[in-house]
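Colleague: I would like to learn how to read the packing of helices in a model, step by step. Could you take me through it with an example?

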Amino acid sequence: SIELPANGGNPYNHSSNRSTTCSTGLGFGLVIHEPCGVKLGLSRGFSGCCNLDRYRGISVIRSNVRHHSTSVESHVNEKNVARNYVQGGLDVKPLVVEEIEGDVGHVGNNEGDKEPRGRHSILNENAENSTHNKEVKDVEKEAWKLLRKSVVNYCGSPVGTVAANNPTDKQPLNYDQVFIRDFIPSALAFLLNGEGEIVKNFLLHTLQLQSWEKTVDCHCPGKGLMPASFKVRTVPLDSKNGAFEEISDPDFGESAIGRVAPVDSGLWWIILLQAYGKITGDYGLQERVDIQTGIKLILNLCLAAGFDMFPSLLVTDGSCMIDRRMGIHGHPLEIQALFYSALRSAREMLTVDDGSRNLVQAVNNRLSALSFHIREYYWVDMKKINEIYRYKTEEYSTDATNKFNIYPDQIPAWLVDWVPEEGGYLIGNLQPAHMDFRFFTLGNLWSIISSLGTPRQNQGILNLIEAKWDDLVGNMPLKICYPALEYKEWRIITGSDPKNTPWSYHNGGSWPTLLWQFTLACIKMNRPELAEKAVSLAAKRISGDEWPEYYDTQNGRLIGKQSRLYQTWTVAGFLTSKMLLENPELASSLVWEEDPELLENCVCVLTKGGRVQCSRHAAKSQILV
């Protein structure tokens, strides 16, 4: 083992001055896959000095292979990236700061002004504007300070950020761990600020944890599962006085409430991996053998053949951001949008050779089928609602209109008056005889970002958010879902969950971390003024409220009753939103544009059997517009 100074000159390290001993272990770049029940001499908790590509004075085992294929197609992905994201770019409108509740005014005479404003009025407005800008900058400075304090170090290198960092919290539970989904906005904030090291370290560290033994009640889940979180612990070494060993202990769901595997973790990991390469230009990380292996393991887990008839992923309740029972089991939109994004990212990053050619083809087939499925069957607007209202049921044929046997009485009473004429959204879930008409914000926003929805649908989603601003944004952006489950419905669906009471937490609570995804979606659709309005609204109180995890009540006026303060992804989501609005061209590295080729591919044309009839020919909607 090698003794290291606790700080080691690392700007992210805020630990004390005690010495930390890390025993040398496997270097990043070597992936070991253990069969269920076989440990190969490795402990459950990951311990060792691992500088994830670089470490002061320590040699590690890592892959130096950049071009591990001699195929002429091995670099086709680089050209695709340039074609899809660099040349196309984004047609971003100039950012306009509009007047929001009287805080910021426009200087000069507008067409509707009754009389010219005097010099004194303009000076007052300039002074107010200056004061407002200074307050916002102060909030940003505080946010950066909090984000850096939340950084977790492992053997002297930054590897992530804790979920919450409230020094007065005596019972942090698992909020002192690094969650993959929670780290995404932190990673983007660092990347957009030119700090890529911590993101690279995180990607490599979690890749190592992917191959660890995972067992719940003598059962091993499939290879490729990424942990929900990991915790870095220091334990004293018996052999040396004052020396410590650092251990990274992952949680794959065996310690989580409900013991649910984190389906979204692997999807977020792939999305972040591509974002890292596109923002930093370090595409060599994607090409490493261990990284390529990690991508393939996640894809094989997601694309495994099963009993399901749909291209969407079938998951249990609580397998994503909504990690408690909320009636989203089945095919929730959030998972499908992240799945689609991960598939598109993986398609660009996979090195095409004889060993991956079949996998790439499977990815293309699933992308095509999933895109059609979501666009055709998840979308609702007034036209679609009226179509469902007149559905015939019990249709038995391959060309049925009501393919899922949806009963018109399922249309909730609130829906008809809530959906605007010029807007719509993607429903939360679709199963046989069941449509979940709740609006789930993350899934709809990510459908815009990834182009899972059509351009018309994507604009319709933002139209709906703008029209229903008081319901979905209110006093603090943004509602995680709408409306909340109440009364008997709440008792049956949530199991009377005391944390998910109506208009709280996952049941209609307001989550400021959704700001960065809303900002990204607005910039992509050339509507940054909506994001600016939401960010300005959050900036008024989020710092004074000590950066809560979520807000309660129907309009988000109260800090959540069990909300953690100084929640890191609240902090990072605000920072990422501000940086994207100040430099909207950066959004081109984080969004996917429409790919017409995906909709032209169909696995049906590859089938020789005469029984196959493609449902697309029977579909009435125009999915290409």
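**Reading packed helices**

Modeller: Two packed helices are described by the angle between their axes and the distance between the axes. In this predicted model, helix 17 (residues 528–539) and helix 18 (residues 568–582) pack at an angle of about 140°, with their axes 11 Å apart. Angles over 145 degrees would count as roughly antiparallel, and helix 17 is therefore oblique to helix 18.

Colleague: Which residues of helix 17 and helix 18 meet?

Modeller: From helix 17, P528, A531, E532, V535 and A539 come into contact with F574, S577, K578 and L581 of helix 18. Sorted by class, this contact of helix 17 with helix 18 holds six nonpolar, one polar and two charged residues.

Colleague: How do helix 7 and helix 8 pack, and at what angle?

Modeller: Helix 7 (residues 289–303) and helix 8 (residues 333–349) also lie at an angle of about 140°, their axes being 11 Å apart, and helix 7 passes helix 8 in a left-handed crossing. On the side of helix 7 the contact is made by Q292, I295, L299, C302 and L303, which meet F339, L343, A346 and M349 in helix 8. By class, that contact has eight nonpolar, one polar and no charged residues.

Colleague: Which residues touch the most other members of the largest nonpolar core?

Modeller: In soluble globular proteins, nonpolar side chains tend to be buried together. Here the largest nonpolar core has 155 residues, of which W269, I295, L299, Y425 and F518 touch the most other members, and helix 8 gives the most to this core, with 10 residues. The residues that L299 touches include I270, L343, A346 and V363.

Methods: Residues are numbered from 1 along each chain as its sequence is written. This is a predicted model: local features need pLDDT of at least 70, side-chain atom pairs count only at pLDDT 80 or more; totals for chains, interfaces and linings use all residues. Side-chain values use heavy atoms; hydrogens and water are left out. Axes are lines fitted to C-alpha atoms, for helices over the stretch in contact, and angles run from 0 to 180 degrees between N-to-C directions. Helices (H or I, at least four residues) and strands (E, at least two) are DSSP runs, numbered from the N terminus. A crossing is left-handed if the near helix is turned anticlockwise from the far one by less than a right angle, and right-handed if clockwise. Contact means heavy atoms within 4.5 Å. Ala, Val, Leu, Ile, Met, Phe, Trp, Tyr, Cys and Pro count as nonpolar, Asp, Glu, Lys and Arg as charged, and the others, Gly among them, as polar. A nonpolar core is a set of buried Ala, Val, Leu, Ile, Met, Phe, Trp, Tyr and Cys residues joined through side-chain atoms within 4.5 Å. Buried means under 20% relative accessible area, exposed over 50%, partly exposed in between (1.4 Å probe, protein chains only). Angles under 35 degrees count as roughly parallel, over 145 as roughly antiparallel, 65 to 115 as roughly perpendicular and the rest as oblique. Lists of a residue's contacts leave out its neighbours within four places in sequence.
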